[in-house]
Amino acid sequence: MRVETARRVGQTADQLGVSERYLRRVFRQAVGVSPKHFARIARVRRVIGTRRSWADTAAYAGYTDQSHLIADFRALMHVTPKAYATGNVPLSTC
């Protein structure tokens, strides 16, 4: 299953021949997060370690613009991309 692409969950459910609600439930049980949240994580992972400009990186990862990339990165990683790149990351609380 390719949930990390720009495909909507409903399209993936249709392709698999199941309801969207069922796919969301089974995915959450198996993976631990919703398909949409998983897709956000996959997109942010795709940009880690890239050596492009932020605008090019955003386009590469499928974001509409640089600000959306940075907002997603901050929401998931709890630091800005620049802080992450320089090693300034918060300690895990897990």
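**Aromatic contacts**

Q: How many aromatic pairs does the count come to?
A: The count comes to 2 aromatic pairs. Keep in mind that this is a predicted model.

Q: How are the rings of Phe27 and Phe38 arranged?
A: Their centres are 5.5 Å apart and their planes sit at 70 degrees. Planes over 60 degrees apart count as edge-to-face, so Phe27 and Phe38 form an edge-to-face pair.

Q: Where do those two lie in the chain?
A: Phe27 is in helix H2 (residues 20–31) and Phe38 is in helix H3 (residues 35–47). They are 11 residues apart, and the pair links distant parts of the chain.

Q: Is Phe27 buried or exposed?
A: Buried, with a relative accessible area of 8%. Phe38 is partly exposed, at 30%.

Q: OK, next pair. What is the geometry of Phe73 and Tyr84?
A: Edge-to-face, because the planes are at 75 degrees. The ring centres are 5.6 Å apart.

Q: Which helices does that pair tie together?
A: Phe73 lies in helix H5 (residues 66–77), Tyr84 in helix H6 (residues 81–85). The parts joined are 11 residues apart in sequence.

Q: And why does Phe73 count as buried?
A: Its relative accessibility is 3%, and buried means under 20%. Tyr84 has 30%, so Tyr84 counts as partly exposed.

Q: Switching to charges. Which ring does the charged end of Arg43 sit over?
A: The ring of Tyr63, 3.7 Å from its centre.

Q: What about Arg52?
A: The charged end of Arg52 sits over the ring of Tyr60, 4.0 Å from the ring's centre.

Conventions:
Residues are numbered from 1 along each chain as its sequence is written. This is a predicted model: local features need pLDDT of at least 70, side-chain atom pairs count only at pLDDT 80 or more; totals for chains, interfaces and linings use all residues. Side-chain values use heavy atoms; hydrogens and water are left out. Rings of Phe, Tyr and Trp (its six-membered ring) pair if their centres lie within 6.5 Å; planes under 30 degrees apart count as stacked, over 60 as edge-to-face and the rest as tilted. Helices (H or I, at least four residues) and strands (E, at least two) are DSSP runs, numbered from the N terminus. Buried means under 20% relative accessible area, exposed over 50%, partly exposed in between (1.4 Å probe, protein chains only). A charge sits over a ring if NZ of Lys or CZ of Arg is within 6 Å of the ring centre and within 35 degrees of the ring normal.
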